[in-house]
Amino acid sequence: MTVDSTAARKPRRSSSKRAGKPAASPGQPELVQLLTPEGVRVEHPDYSIDLTPEELRGLYRDMVLTRRFDAEATTLQRQGELGLWASLLGQEAAQIGSGRATRPDDYVFPTYREHGVAWCRGVDPTNLLGMFRGVNHGGWDPNENNFHLYTIVIGSQALHATGYAMGVAKDGADSAVIAYFGDGASSQGDVAEAFTFSAVYNAPVVFFCQNNQWAISEPTERQTRVPLYQRAQGYGFPGVRVDGNDVLAVLAVTKAALERARTGQGPMLIEAFTYRMGAHTTSDDPTKYRRDEEREQWEAKDPILRLRAYLESEGNADETFFAGLETEADALAKRVRDAVRSMPDPDNMAIFENIYADGHALVDEERAQFAAYQASFAEESN
C-alpha cells in the first residue's frame, strides 16, 4: 500500500505473471509483494520488475553470502574475537534489494546493521569487523563507495542524509541519497526533524525503515498508533510498505523511490516489513521477551528460501549453481576468520586518550585505576 502526497507520482505499470495484491494479515494494511513466501511470482498494480535469470541468481548469491558472512561474524564474537555484533539474519532481502537498487553515484547512510547494503556497495566484509573488534572507527573510506561509516547513535544518520541530499540538490546533481534506520529509530526526534527538513526543501532522499518488529525488546505496536509508512503523510510526502522478505519487491519499490528523488519529486519513506530472526545484538537474549512461535511463523517467510523456490520452479538454477555457491560461501567464511584473527588486539588504554588537550586529573586517576585492574589479571596467571 502506498500513501500519496500531492508531490507523489506512481511508477508505470508493466506486465507480470499474475494479477492482484497480496492479502494482508488481520489488522495489517496491504503491502507491495512480487514473490510470495512459497516462491510464486505475483503482480502488483503499481510496482513491477523484470529480471534475467542471471540477475535473479545474482540476488540469491548476494543474500546467501551476506547471511554466511553474518553468521561467521556472530560465531567470531562468541569466540571472543569481536566485542559485539549486530546480526542481520532475516533481513537479507530488505538490504540486498534496496542496496542493488542504488546507483554508484547515490550516497548511502547506514546504521550499524546494514552489512548486506555494504556488500552491494562494494565494501569488503572484513572492513566491517574492525570497529566491532575495537581496532578502528570504521575501516573504510566512505567516499570510495559512497557508503558512510556505520552510525551507532540511533536515528542521527537520517539528519546527515537529509543535509547531504540538500547539498546534492544545490549542486544540481541527479543522484539520490538513501538513509537506513529501524522501527525503533522512527520514534527518535532526529528522524522527525529529518522528515521535516527533507519535505520543506524537497530533498532527493529516500528513508528506508527496516521494521523488524522489535526495537531491542520493544514491539512496534508500543511505538506507534499507525503503520510506520503512514507517518510520511503528515510531512507531505508519500510512504509505502513493502514485503521486506521479498527481494524482488524491495528492489522494485526502492528503484522507483530513488528515481522519484532523482527527478526532483522529493523524499519518500519505505517501510520494509521484515523480521529480526536473531538477537538485537550478541549482548541480547530475545527469548526473554518474544515467543518461539513468532519466530517460527517468520521462518516460513524466509527471504532466501522463497527466492530459491522461485529459481527452481522456473528452471533458472540447478544443483551445480547451489553447490558452487556453498563452496564460495565457505571460502568467504574462511577469509573472514583469517582476517579477524590477524587483526591486532584493541589497545585497552586508548579510551583515555584524546579526551582533554592538556590532560585532566580525574582521567589520569581513572587511567591508573584501569591499568592496575588490567595488571591484576597478569598477576593471577603467574
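Okay, housekeeping. It's a predicted model, so local features need pLDDT of at least 70 and side-chain atom pairs count only at pLDDT 80 or more, while totals for chains, interfaces and linings use all residues. Residues are numbered from 1 along each chain as its sequence is written, and side-chain values use heavy atoms, with hydrogens and water left out.

UniProt, in an unreviewed entry, puts "domain: Dehydrogenase E1 component" at residues 61–342; such annotations may be inferred rather than shown by experiment. That stretch is 45% helix and 11% strand, with its end C-alpha atoms 27 Å apart. Helices here are DSSP runs of H or I, at least four residues, and strands are E runs of at least two.

Now the packing. A nonpolar core means buried Ala, Val, Leu, Ile, Met, Phe, Trp, Tyr and Cys residues joined through side-chain atoms within 4.5 Å, buried being under 20% relative accessible area with a 1.4 Å probe, protein chains only. The largest one has 67 residues, and L129 and L307 have the most contacts inside it. Helix 8, residues 247–262, gives the most, with 11 residues. Apart from that core lies another of 22 residues, including M166 and L228.

By cavity I mean points on a 1 Å grid over the protein atoms alone where a 1.4 Å probe fits but cannot get out; lining residues have an atom within 4 Å of a point. F181, S186, F195, C209, L228, R231 and L269 line the cavity.

How values were computed
1 Å grid on protein atoms, 1.4 Å probe; cavity = no way out; pocket = protein on both sides within 12 Å on 5 of 7 lines; lining within 4 Å. Buried < 20%, exposed > 50% of the residue type's maximum accessible area, 1.4 Å probe, protein only.
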